[in-house]
Amino acid sequence: MIKGRVFKFGDDIDTDVIVPATYLSTFDPKELAKHCMEYTHPDFYKTVKEGDIVVAGKNFGCGSSREHAPIALKGCGVSIVIAKSFARIFYRNALNIGLYILECPEAVDNIKDGDIVSVDVNTGVVTNESAGKSFKAAPFPKFIQEIIACGGLVEAIKQGKYTD
Amino acid sequence: MKLTFTQQILAAKKGLSEKEALSKLAPGNLILVDVDTAMSNDVTAPVAIDVFEGSGCGLCNKDNITFVLDHFTPNRDIKSAQQCKRVRDFACKNGVKNFFDVGEMGIEHALLPEKGIAKPWAVMIGADSHTCTYGALGAFSTGVGSTDIAGIMMSGKIWLKVPSAIKFNLKGKLNKGVSGKDLILHIIGMIGVDGALYKSIEFSGEGVDSLTMDDRFTVCNMAIECGAKNGVFPIDEKTDEYTLVSTGKTYPRFETPDDSAYERIIDIDLSALRPTVAFPHLPSNTREVDEVNEEIKVDQVVIGSCTNGRISDLAEAARVLNGRHVKKGVRTIIIPATNKIYLEAMEKGYIKTFIEGGAIVSTPTCGPCLGGHMGILASGEVAVATTNRNFIGRMGAKDSYIYLASPATAMASAIAGKLTGEKGLEEEK
């Protein structure tokens with residue numbers, strides 16, 4: 001079970017906003033974390049705590065293929081990103097590096113910045129504890145569940161579970 | 001034919017008949033596919049190499065790996081130098097022959113087609129979002145992250161969700177001074193930055209014939225900017241001309257998909273398109289440049305990138321400049337995307353035109369497009385760029401402003417010192 005304070009963002013949050021390209025000469029999570037959202041939300045890194053939750057609108061993570069974006073969020077301690085939709089490369093990257101993500105438009109519409117939210121990643125149930133409301137995200141396809149269960153892409157390949 | 005171009009490529013790769021593919025490659029299905037080329041660069045390859053080496057696995061096929069050191073090269077600082085060294089050492093140790101370092105490199109999405117690595121019917125996966133460029137040649141190509149590249153290094157395969165597709169039915173011809181860049185900006189403005197999220201965008205219709213290969217590269221390059229997984233053009237005589245030079249061969253055509261293969265069909269009359277600009281801070285924030293009435297003063301113009309650093313882009317910029325001079329105070333940076341393009345631009349006299357006209361010409365690099373080096377913007381500055389993204393802080397300071405445009409519009413703006421199309425320039429004379 002994940003539980004944390006919500007940092008809420010809008011639509012089309014791009015990877016240049018999540019971590020500007022000029023910092024891509026490293027992929028150290030703690031270094032990247034220092035620059036996470038720095039251009040648009042300079043206080044984010046200073047206030048976000050281990051286990052906190054990012055909630056965003058549509059097309060989160062659009063733009064570049066940089067895995068540094070989910071790495072930076074994870075480096076900040078973000079436990080999960082809940083969005084209306086994800087840009088497809090960000091979606092793959094998050095799963096591959098073990099950052100939880102969920103698509104749940106209804107939850108996004110009913111969660112405010114600062115709310116306390118809990119998520120059961122096994123069932124996809126998102127609960128806004130501040131408002132006393134629960135929502136259910138669609139489950140991941142079986143193929144992706146298997147990758148997550150193995151602990152990511154590399155482990156899935158090593159365990160011979162990479163078949164269609 | 002009931003399969004889209006994208007499904008036809010994936011079916012061929014998996015050895016499926018049309019009938020088998022209709023069920024196995026239905027949109028939304030998750031599949032594993034053998035990869036012809038897995039490309040990564042000096043930003044994404046070091047992460048892939050770390051993940052790969054950490055896995056303890058062997059390299060599945062060193063010949064399907066390509067590394068291009070193009071983003072922060074020639075090395076902009078010590079950290080970038082270390083990143084490049086990491087890739088160079090790995091390539092050398094493992095005998096990776098498709099390794100392109102300074103001197104041989106170019107901007108990856110111009111270089112791979114030129115070298116014949118990107119070709120029709122290939123499955124091309126790159127740890128760079130603009131990998132979708134190669135769809136111009138009739139390849140299936142899409143961007144992923146570094147761990148996916150490590151996965152290909154381990155297994156030779158990639159998992160993909162079969163995309164549904166939008167067909168753009170092109171009619172008519174582009175007018176003079178209107179290019180592939182204007183077409184793709186028009187499309188992104190129309191459907192939005194997530195208008196094709198998870199989908200393919202495919203191009204058909206008589207209008208395709210008139211688009212040059214360079215136009216098609218530009219269009220497919222920016223497919224990602226409307227969220228698309230990939231963009232694809234049919235394989236035709238123009239493709240043949242290109243691949244005869246790059247690979248010494250021509251390739252079989254796609255079969256024409258039935259309209260029912262598509263989720264949505266959008267008609268576009270190319271002759272109705274006008275020079276188009278994307279205002280800050282989204283590529284979908286488009287306007288026709290001739291309709292812009294406010295005066296937007298320009299500090300810097302960049303003509304280059306994986307979107308518009310090809311020879312016909314430089315030709316357009318040189319045609320517009322044509323003996324004139326850029327406005328004093330407008331830093332005009334021209335970046336031929338590969339050495340081959342650089343040389344051709346030199347032989348055709350474009351480089352001379354640029355330098356005499358007050359521009360500078362850089363070695364191939366992604367550099368300023370992503371705020372790396374070779375033209376960073378200060379606070380409050382404005383750039384007109386032929387690049388692909390105008391996100392907040394993309395080219396430098398968080399309060400700088402990028403207007404995305406074609407090479408012709410970018411050069412016209414450099415001459416005028418303000419955002420303008422070629423038409424605006426003529427009116428001023």
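Colleague: Let's start with M37(A). Where is M37(A) found in chain A?

Modeller: M37(A) sits in the loop between α2 (29-33) and α3 (44-47) of chain A. Keep in mind that this is a predicted model.

Colleague: Why is M37(A) called buried?

Modeller: We count neighbours. M37(A) has 22 other C-beta atoms within 10 Å. A residue is buried if that count is 20 or more, so M37(A), with 22, is buried.

Colleague: And what is there to say about the phi of M37(A)?

Modeller: Phi of M37(A) is near 60°, which is a positive value in a residue other than glycine.

Colleague: Now over to N322(B). Why is N322(B) called exposed?

Modeller: Try the count again. N322(B) has 11 other C-beta atoms within 10 Å. The cut-off for exposed is 12 or fewer, so N322(B), with 11, is exposed. Its backbone is worth a look too: phi of N322(B) is near 35°, again a positive value in a residue other than glycine. You will find N322(B) in the loop between α11 (311-321) and β15 (331-334) of chain B.

Colleague: Which residues does a cis peptide bond join in chain B, with omega about -15°?

Modeller: Those are T73(B) and P74(B). P74(B) belongs to the loop between β3 (65-68) and α4 (78-94) of chain B. Another cis peptide bond joins P280(B) and H281(B), where omega is about 0°. For H281(B), look in the loop between β12 (276-278) and β13 (286-288) of chain B.

Colleague: How do you know how confident the predictor is in chain B?

Modeller: The average pLDDT of chain B is 97, and 100% of its residues score at least 70. That score runs from 0 to 100. For the complex, the predictor gives an ipTM of 0.92 and a pTM of 0.96.

Colleague: What makes up the contact between the chains?

Modeller: Chain A brings 38 residues to the contact and chain B brings 46. On the side of chain A that touches chain B, the elements giving two or more residues are α1 (15-18), α5 (88-97) and α8 (153-158). The largest share of that side, six residues, is from α5(A).

Definitions and conventions:
Residues are numbered from 1 along each chain as its sequence is written. Chains are lettered from A and ligands numbered from 1 in the order in which they are written. This is a predicted model: local features need pLDDT of at least 70, side-chain atom pairs count only at pLDDT 80 or more; totals for chains, interfaces and linings use all residues. Helices (H or I, at least four residues) and strands (E, at least two) are DSSP runs, numbered from the N terminus. Two residues are in contact if their C-beta atoms, placed from the backbone, lie within 7 Å.
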